[in-house]
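Here is a friendly briefing to read with the model open beside you.

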Amino acid sequence: MEFLKSAVASAIAKGPLAAYNVAEKVELDNTIWTLHNATRRDNGARCSIFTFDVAPNRNRVPIAKNAFRRFRTLRHPGLVQLIDAVETDAQLCVITERIIPLAQHAQQQELQQETIKWGLYNVAKTLKFINDEAGLVHSLVRTSSVFVGESGEWRLGGFELLSSTKDEQDNVIYSYSSLVPGHAQYMPPEVAKSGWDMYRSNSWAAIDAYGMGVLISEAFNGTPLRLGQSPESAKVPTNMQQTFKRLTNVNPRLRPSVGVFVEQGKRPGGYFSTPLINFSENIDSLGLKSEGERDEFLSQLEGIQDDFPADYAKRKILPELLKSVEFGGGGPKVLAVVLRIGTKLSDEEYDAQVTPAIVRLWSSPDRALRVYLLDNIGLMIDHLPQKVVNDKIFPNLVTGFADVAPLIREQTVKSVLILITKLSERTINGDLLKYLAKTANDSEPGIRTNTTVCLGKIAKYLGSGTRSKVLVAAFTRSLRDPFVHARHAALMALSATVEMFTEDDCASKVLPSICPSLVDKEKMVRDQANKTLDIYIARIRKYGDTLPVTILAPAATGSTVQPGQPQPGDSGADAGWAGWAISSFANKFAAANGQIDPSANGGTITTSTTPDISRPATADSQARRSPNMHPAKTLHRQATETTKIAQSFISPVPVDDAWSNDFNDEEQNGEEVDDAWGEMDEDDDTFFDASSKKAAVKPIVKPTIATSSNQEEEPDFAAWLASKQAQTTVKKVPLPKGLTSSKAIPRTTSPAITKPATTSIARPPVGKTAAKPVTVKKAYAAPAKSTATKDEDEGWGDAWD
C-alpha cells in the first residue's frame with residue numbers, strides 16, 4: 001500500500017504538478033477527489049492538492065469538471081482558496097491553501113461549543129452569499145464538504161453539484177446528483193420522496209437549509225448522519241434548538257433560508273451573538289477604528305483569546321494586530337496582545353511573522369511604545385536570534401540609557417538582565433559597560449542602585465580580563481553613595497560575586513572598601529556589611545591555609561641544621577633575633593678547619609693545642625675576674641688603649657705571628673676566661689653597663705699591631721671569634737647557641753688577611769726556660785662564658801651600639 005502511494009505521488013510529480021512537492025495523502029470520505037498535502041518547490045509554501053484521475057472515473061468526469069470550474073470562477077473568504085488549477089486529458093488538479101477535512105480536525109482536537117458556533121457562522125455566511133448573491137445552490141452541505149484552513153477558519157468545498165438556480169443548462173443536479181458518493185445518505189426527505197423535479201417550481205434555498213441542519217447536527221454530536229436517520233438535536237445548544245428544527249423540517253416550504261438563519265442568530269442574545277463571533281467580524285477593520293473603539297475591541301480579545309483556535313490567533317488575528325501596531329496607531333495595548341499570541345508560535349513562525357515587526361518597533365520614537373517593549377522584552381527574547389539582537393535591536397535599545405525620561409533609563413537598565421543572554425562578548429565588554437558606567441553616575445539614586453544590582457547579576461557574563469577591575473570600581477564607588485539603598489545594594493552585590501575576585505583582590509581591594517560600612521549610620525547597611533565581611537574573611541582564611549609556611553629558599557647544599565639552632569617560624573627566634581644572627585655567623589666561622597699557611601705573608605706562626613699551666617696569673621686575669629667589669633665594655637676600651645701604645649713600636653713582625661700569639665694566649669688563659677664569665681652579675685639591667693670603679697691591678701699591656709686612625713674606635717671582632725674557638729678547644733663546656741664543635745665540623749683554611757707590618761717588643765718569658773718567638777699581638781679581653789646563651793647573644797647586640 002505504501003508503495004502504491006509513493007508511485008502515485010511520483011507520477012503526479014512528473015506530470016502537471018512538477019512545480020510542487022507532493023507529500024502524504026489525506027483521508028477524505030464521500031468525495032470523488034484525492035487529497036494530498038504538498039509544498040511549492042520554489043518557496044516551500046504549504047498547500048493542498050485535489051486530484052481526479054479521468055480514466056478510472058469517466059462517468060464522474062462531468063461533476064469533476066463542474067467542481068473544477070467552480071473552483072476557478074467562484075471567490076469568497078468562506079470558500080476554499082484556490083492557488084492554481086491544472087487540467088490534462090488524464091487528470092484534473094486543483095491546488096488550494098493547506099486545509100484538512102473538518103472530520104479529521106475534530107478528531108485531532110476537541111472542539112469547544114463557541115468554536116463550533118463560530119465555524120457554523122462562517123459556513124452559513126458563505127451559503128448565504130452563494131444563495132442570495134451568486135444565485136447558486138450548493139446541495140452538498142455536510143461534514144465532508146467542510147474543511148479547516150491553517151487559520152482555523154471553516155471553509156466550504158464540495159463543489160461537485162454546485163449549480164445555478166436560474167439556468168437549467170448550468171444545473172448538474174438533475175442529471176448527475178446520483179454520481180456523488182453518499183448522495184442517498186444526505187438526500188432531503190422531499191427529494192427521496194418526489195425527486196429533484198419538485199424544485200423546478202420551489203425555492204432551491206430549501207435544499208441548502210436542510211444541509212445546514214445536517215451540518216449542525218453532525219458538528220455538535222460528532223457523528224455523521226446515517227442513511228435513513230433524521231438529524232439529531234441532542235447536543236445542539238438550547239438557543240439554537242428551535243431554528244434547527246425548522247431547518248430540518250420535512251416540509252421544504254417551512255424551512256427558513258440560510259440567510260434568515262444567520263440574521264436570527266445575530267440578534268441580541270442570539271446563538272451567533274457571541275464575543276468570539278463579534279471579534280472575528282471586527283478584526284478586519286481594526287486599523288480603521290477610533291481609539292475608544294480599539295480599546296473596547298482589545299478588552300474583548302483579552303477575555304476570549306483562549307476560545308479561539310490557536311491557528312486562528314496565529315494566522316488571522318496576529319497579522320491584523322501587527323498592522324494596527326505599525327500603521328494604525330494601535331500602541332502598547334495592541335502590542336501586548338501581539339506578544340501574548342507570539343508565545344504560542346514556533347521559532348520559525350515567530351521569525352517569519354513577528355520578528356520583522358518587532359525590529360521596526362524598536363526604532364520607533366514613541367516613548368510609551370518603548371517602555372512597553374522594555375517591560376515585556378522577556379516575552380520576545382527567546383524567539384529572537386542572537387544576530388538580530390546584536391545588530392538590530394541593541395543599537396536602538398542603548399538610546400534609552402541617555403534618554404531624558406528617567407523611567408526609560410531605569411527600564412533600559414532592568415532590561416539588560418534579560419537581554420544579556422543574547423549579546424555577544426564583544427558587545428557586553430565594550431558598549432554595554434560603557435553605558436552602564438554612565439547610569440552608575442546618574443542623577444537619580446534609583447537608577448544608580450539598579451545599575452549596581454544589574455552589574456552584580458551580569459558579573460558572570462563579563463570577560464575575565466575586565467571583570468575584577470570593573471566590579472571593584474563599581475561596587476566600591478556605590479559603597480560611598482549617599483543613597484542608603486545604593487550602599488546596601490553594593491554590599492549585597494559583593495556578597496553575590498565573592499567568587500569573581502582573586503584572593504589578592506579580596507584582601508587588598510574589597511575588604512578595605514567594606515570596612516567603613518561597618519560604622520555606617522544606617523543599621524541596614526551595618527548589618528549587611530558584617531555579613532559581607534564574614535564571607536570575604538572566610539574565603540581569605542581558607543586560602544591562607546593552603547599557603548606554605550615560608551617562601552625562603554632552602555639551605556645551601558651540604559649545610560646542616562644544628563640542634564637547638566633557631567629556625568624561621570620558631571617562637572624562640574622572635575625574642576632573640578640579634579643573638580640568633582651572631583650565633584649563625586659564628587657557627588659559619590667555626591666551621592672552617594685546617595691551619596693557616598705560615599709562609600703566606602713571610603712570617604711564622606707557632607700554635608699549641610696544650611694550655612701552658614706554668615704561666616702564673618697576671619693582673620690582667622685578675623681584672624677580668626672582677627665582677628664589676630663587664631667584658632664588652634672592657635674589650636672596647638682595651639682594644640683602643642693597646643692600639644695607641646702599639647703605634648710607638650718600630651720593629652716589623654709578620655702579621656701571621658701576631659694572630660698566632662693571640663690564639664696561644666687564649667689557650668693559656670681559657671680556664672681563667674671561663675671563671676670570669678661565671679662570676680659575672682646576672683642582672684640584665686647592668687649586664688652591658690661599664691663599671692664606674694677601676695680595676696685594682698693594672699692589666700699588663702701587650703704590644704699589638706698598629707692600626708690606622710679610622711680603625712681606632714672599632715673593636716677587633718676577628719680576635720673575639722679566635723678566642724671563642726680557643727675556649728671550645730681547651731675545655732669541654734656547653735657551646736653557645738648556634739655554635740658547633742670544631743671536631744664535628746671540618747675547618748677550612750681562611751683567606752690570608754694582609755695587614756701593615758708593625759714593630760714589636762720582646763716579652764720576657766714567664767715560668768719557661770725556652771724562649772718563645774716574639775710576635776706582635778693585638779690585645780683584647782676574652783669574653784667570659786655565661787650559662788645563659790640568650791644573654792650572651794643579646795649582649796653582643798648592645799656592645800655594637
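**Around Phe-68**

Leaving aside residues up to four places away in sequence, Phe-68 touches Trp-33, Ala-85, Val-86, Glu-87, Leu-92, Cys-93 and Val-94, where contact means heavy atoms within 4.5 Å. Please keep in mind that this is a predicted model, in which local features need pLDDT of at least 70 and side-chain atom pairs count only at pLDDT 80 or more, while totals for chains, interfaces and linings use all residues. Residues are numbered from 1 along each chain as its sequence is written, and side-chain values use heavy atoms, with hydrogens and water left out.

- Phe-68 sits in helix α2 (residues 61-73); helices (H or I, at least four residues) and strands (E, at least two) are DSSP runs, numbered from the N terminus.
- With a relative accessible area of 4%, Phe-68 is buried; buried means under 20% relative accessible area, exposed over 50%, and partly exposed in between (1.4 Å probe, protein chains only).
- Phe-68 and Glu-160 lie 92 residues apart in sequence, and their C-alpha atoms are 8.2 Å apart in space.

**The chain as a whole**

- The protein chain contains 33 helices and 10 strands.
- Of its 801 residues, 48% count as buried.
- Among contacts between residues at least 6 apart in sequence, 69% join residues at least 24 apart.

**The five-stranded sheet**

- Five strands form an open sheet with antiparallel pairing, in the order β1-β2-β3-β5-β4; two strands pair if DSSP finds at least two bridges between them.
- At the edges are β1 (20-26) and β4 (82-87), each of which pairs on one side only.
- On average, neighbouring strands of this sheet are turned by 25° against each other, direction ignored; axes are lines fitted to C-alpha atoms, for helices over the stretch in contact, and angles run from 0 to 180 degrees between N-to-C directions.
- Strand β3 (residues 46-53) and strand β5 (residues 91-97) run antiparallel and are joined by seven bridges.
- To find this pairing on screen, look for Ser-48, whose bridge partner in β5 is Thr-96.

**The three-stranded sheet**

- A further open sheet has three strands in the order β6-β8-β9, again with antiparallel pairing.
- Its edge strands are β6 and β9, each pairing on one side only.
- Neighbouring strands here are turned by 40° against each other on average, direction ignored.
- Three bridges link strand β6 (residues 99-101) to β8 in the antiparallel sense; Ile-100 has Val-148 of β8 as its bridge partner, and Pro-101 has Phe-147 of β8.
- On the other pairing, β8 and strand β9 (residues 154-156) are antiparallel over three bridges, and Val-146 has Leu-156 of β9 as its bridge partner.
- Both faces of strand β8 (residues 146-149) are covered, with Val-146 and Val-148 buried on one side and Phe-147 and Gly-149 buried on the other.
- The hairpin of β8 and β9 has four residues between the strands, and Gly-152 in this hairpin takes a positive phi near 90°.

**Helix α4**

- Helix α4 (residues 113-133) has 21 residues and reaches 29 Å from its first C-alpha to its last. That is close to the 30 Å expected at 1.5 Å a residue, the expected span being 1.5 Å times one less than the number of residues.
- Because 15 of its 21 residues are buried, α4 is largely enclosed by the rest of the structure.
- α4 lies across β8 and β9 and runs at about 25° to β9.

**Helices α15 and α18**

- Helix α15 (residues 355-362) packs against helix α18 (residues 386-397) at an angle of about 30°, with the axes 8 Å apart.
- The two helices are therefore roughly parallel to each other (under 35 degrees counts as roughly parallel, over 145 as roughly antiparallel, 65 to 115 as roughly perpendicular and the rest as oblique).
- Thr-355, Val-359 and Trp-362 of α15 make the contact with Val-388, Lys-392, Ile-393, Asn-396 and Leu-397 of α18.

**Cysteines**

- The structure holds zero disulfides, a disulfide being a pair of cysteine sulfur atoms within 2.5 Å.
- Cys-454 counts as buried at 1% relative accessibility, and Cys-506 counts as buried at 0%.
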